[in-house]
Amino acid sequence: MKFDTVIIGAGLGGLQCAYILAKHGQNVCVVEKNAQIGGCLQTFKRGNHYFDTGFHYVGGLSEGQPLYRLFEYFQLLKLPWYQLDTNAFEVLAYADDLCVLCEGKSETICHFFTICRRKYYT
């Protein structure tokens with residue numbers, strides 16, 4: 001079989017490129033070295049625990065916002081998206097910060113992170 005384009009890597013970028021080229025008439029072959037496509041957008045197992053490395057929420061999907069046209073092009077707006085609370089905001093914190101932020105629960109939170117460190121970083 002003859003291909004117009006061969007894309008090496010079936011991560012998000014490779015799959016997007018393949019979709020665009022195929023949509024414009026190219027005969028595309030995507031080659032992936034791993035058993036599962038998706039690159040960093042997949043799950044993995046460590047011990048008895050599963051971890052989801054894909055994105056969990058995305059902003060900017062309303063008409064006129066940055067990601068709207070991209071998601072529209074890839075026909076992703078047809079998926080059941082749910083708007084998050086517009087009055088909320090995101091806080092990124094480290095374990096020590098969480099202990100301070102969550103008064104009364106700091107011992108439990110610190111214990112949780114101690115277990116995580118012991119289990120996954122040793």
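**View 1. The whole chain and its order of elements.** Helices are DSSP runs of H or I with at least four residues, strands are DSSP runs of E with at least two, and both are numbered from the N terminus. Read along its sequence, the protein chain follows the pattern β-α-β-β-β-α-α-α, which comes to four helices and four strands. The model is predicted, and local features need pLDDT of at least 70, side-chain atom pairs count only at pLDDT 80 or more, and totals for chains, interfaces and linings use all residues. Residues are numbered from 1 along each chain as its sequence is written, and side-chain values use heavy atoms, with hydrogens and water left out. Of the 122 residues, 16% count as buried, where buried means under 20% relative accessible area, exposed means over 50%, and partly exposed lies in between (1.4 Å probe, protein chains only).

**View 2. Helix 1 and the glycine that follows.** Helix 1 covers residues 12–23, and its end C-alpha atoms are 16 Å apart, which agrees with the span of 16 Å that its 12 residues should have at 1.5 Å a residue; the expected span is 1.5 Å times one less than the number of residues. The helix is followed by G25, whose phi is positive, near 95 degrees.

View 3. Rings of Phe, Tyr and Trp (its six-membered ring) pair if their centres lie within 6.5 Å, and planes under 30 degrees apart count as stacked, over 60 as edge-to-face and the rest as tilted. The structure holds four such aromatic pairs. In one of them, the ring centres of Y19 and Y73 are 6.2 Å apart and the planes are at 80 degrees, so the pair is edge-to-face. This pair links distant parts of the chain, because Y19 lies in helix 1 and Y73 in helix 2, 54 residues apart. Y73 also forms an edge-to-face pair with F74, at 5.4 Å centre to centre and 85 degrees between the planes. Y19 is partly exposed, at a relative accessible area of 29%, and Y73 is partly exposed at 27%, whereas F74 is buried at 13%.

**View 4. L76 in its loop.** L76 is found in the loop between helix 2 (68–73) and helix 3 (95–101). Is the L76 residue buried, partly exposed or exposed? L76 is partly exposed, with a relative accessible area of 31%.
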